[in-house]
Amino acid sequence: MSMELSVNVPTYVGDTLHVVVEVVESRKASTGERGVVTTRNTVRNQRDEDVLVFTAVRLIRGKRLPRAR
């Protein structure tokens, strides 16, 4: 649905990268079995420097839960 991207430092051949994903927000969409999920993804190198950070807002499919009686 949308994304913000911030590149902080360059990466080089041979760098080891990993991603830390944090769910910032989640809510039910207005219709159907879907939800809107916002995640902050921080890519870090082997020196634990934040290489880039992106925040993504996604519409994802969920599963219908049984109705409460």
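Predicted model: local features only at pLDDT ≥ 70, side-chain atom pairs only at ≥ 80, totals over all residues.

Strand 1 has the lowest confidence in the protein chain, with a mean of 92, while strand 3 has the highest, at 95.

**Confidence along the chain**
- Taken over the protein chain, the mean pLDDT is 90.
- A pLDDT of 70 or more is reached by 91% of the residues.

**Strand 1 and its partner**
- Strand 1 covers residues 2-7, and it pairs with strand 4, which covers residues 50-61.
- The two strands run in the antiparallel sense, and six bridges link them.
- To find one spot in this pairing, look for Val 7, which stands opposite Leu 52 in strand 4.
- How many of the six residues in strand 1 are buried? The count is zero, so strand 1 is hardly covered, given that buried means under 20% relative accessible area.

- Thr 39 sits in strand 3, which spans residues 34-44.
- Is Thr 39 buried or exposed? Thr 39 is buried, because its relative accessible area is 7% and the cut-off for buried is under 20%.
- The side chain of Thr 39 makes a polar contact of 3.1 Å with the side chain of Asn 41, and another of 3.0 Å with that of Arg 58.
- Beyond its neighbours within four places in sequence, Thr 39 is in contact with several residues, including Val 21, Val 23, Phe 54 and Ala 56.

Definitions and conventions. Residues numbered from 1 in each chain as written. Heavy atoms only, no water. Helix = DSSP H or I, 4+ residues; strand = E, 2+ residues; numbered from the N terminus. Buried < 20%, exposed > 50% of the residue type's maximum accessible area, 1.4 Å probe, protein only. Polar contact = N/O pair within 3.5 Å; in protein donor to acceptor, adjacent residues only side chain to side chain. Contact = heavy atoms within 4.5 Å. Pairing = 2+ DSSP bridges. pLDDT = per-residue confidence, 0-100.
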